[in-house]
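Biologist: I have a new model open and would like to learn how to read it. Can we take it feature by feature?

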Amino acid sequence: MLKIEDINVFYGKIHAIHDLSFHVKEGEIVTLIGANGAGKTTILKTISGILTPSSGIVKFRDENMASIPAHQIIDMGMAHVPEGRRVFSKMSVLENLEMGAFIRKDQREIKEDLEMVFTRFPRLKERMKQTAGTLSGGEQQMLAMGRALMSRPRIILMDEPSMGLAPILVDEIFKIIRDVNDAGTTVLLVEQNANKALKIADRGYVLETGSIIAEGKASDLLEDQAVKEAYLGG
């Protein structure tokens, strides 16, 4: 479904991503783990068209994404839940969710998907008319995920969904990610909580300073001694 081939990304003169290649198959949860500054967020921004690689190819469903503007990529079936939630803070919960379906015209199915989001995130239904900026961090993360689901994505990119959340909410968010995948949406997950990410993922890639240093089945990476020592607390 998603194939990244030898991409290089620069911030000015800083070489952030080095000849990086990986893939995501339809129906998988694939996780990218690594320390701060490893390049995880840069990779997601490159995939979703926010950044342009200086070389290499990003293919989504066999189509080269190089010539496709970022605002059109969502229409192809890709949604991005950015780091830090990025909800529309002055709009209501309902308005945020409606913005997720902005490109769609199928009003009946939009209504059905809204009910699906409210079923998956009951707290959002309770706070439907509340201004998004007044929600807790966990509720804003649920709203960002719900807004992405309103576009009916084939694949959803999630950037640090557990960041800053209480442990009980982290468990809830990871359960929802698993449920979203079980319902048919492919997931590319960037996470600093490597233990949680690898426990729900099918496969994983370990990043260090813009390069992949290890990859494999998530279950194997959980048992890899070097990964344990560097990212899983020994």
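Biologist: Which share of the contacts with a separation of 6 or more joins residues 24 or more positions apart?

Modeller: That share is 68% in this protein. Keep in mind that the model is predicted.

Biologist: What radius of gyration would a compact globule of 234 residues have, and what does the protein have?

Modeller: The globule would come out near 17 Å. The protein has 17 Å, so the two agree. Along the principal axes, its C-alpha trace spans about 45 × 40 × 30 Å.

Biologist: How many of the residues are buried, as a percentage?

Modeller: Buried residues are 47% of the 234. The accessible surface totals about 11,300 Å². Carbon and sulfur atoms contribute 50% of that surface.

Biologist: How many helices and strands are there?

Modeller: The protein has 10 helices and 10 strands.

Biologist: Let us read a sheet. What holds strands together in one?

Modeller: Strands of a sheet pair through backbone hydrogen bonds, in a parallel or an antiparallel way.

Biologist: How many bridges join β1 to β4?

Modeller: There are 5, between β1 (residues 2–11) and β4 (residues 55–60), and the two strands run antiparallel. Follow the facing residues. K3 is opposite K59 in β4. N8 is opposite S55 in β4.

Biologist: And where do side chains point along a strand?

Modeller: In a regular strand they alternate between the two faces of the sheet.

Biologist: What joins β4 to β5?

Modeller: An antiparallel pairing with 2 bridges, where β5 covers residues 63–64. F60 stands opposite E63 in β5. The two strands form a hairpin with 2 residues between them. In that hairpin, R61 takes a positive phi near 50 degrees.

Biologist: Now the surface. Which residues form a nonpolar patch there?

Modeller: F88, M99, F102 and I103 do. Together they have about 370 Å² of accessible area.

Biologist: Where does I103 sit?

Modeller: I103 lies in the loop between α3 (93–100) and α4 (107–120).

Biologist: Why is I103 called partly exposed?

Modeller: Its relative accessible area is 31%.

Notes:
Residues are numbered from 1 along each chain as its sequence is written. This is a predicted model: local features need pLDDT of at least 70, side-chain atom pairs count only at pLDDT 80 or more; totals for chains, interfaces and linings use all residues. Side-chain values use heavy atoms; hydrogens and water are left out. Patches are made of residues with over 30% relative accessible area and no salt bridge: like charges are joined within 9 Å, nonpolar side chains (Val, Leu, Ile, Met, Phe, Trp, Tyr) within 5 Å. Accessible areas come from the Shrake-Rupley method with a 1.4 Å probe; for residues, only the protein chains shown count as cover. A salt bridge is a side-chain nitrogen of Lys or Arg within 4 Å of a carboxyl oxygen of Asp or Glu. Helices (H or I, at least four residues) and strands (E, at least two) are DSSP runs, numbered from the N terminus. Buried means under 20% relative accessible area, exposed over 50%, partly exposed in between (1.4 Å probe, protein chains only). The radius of gyration is taken over C-alpha atoms; the globule rule is 2.2 Å times the number of residues to the power 0.38. Contact means heavy atoms within 4.5 Å. Two strands pair if DSSP finds at least two bridges between them.
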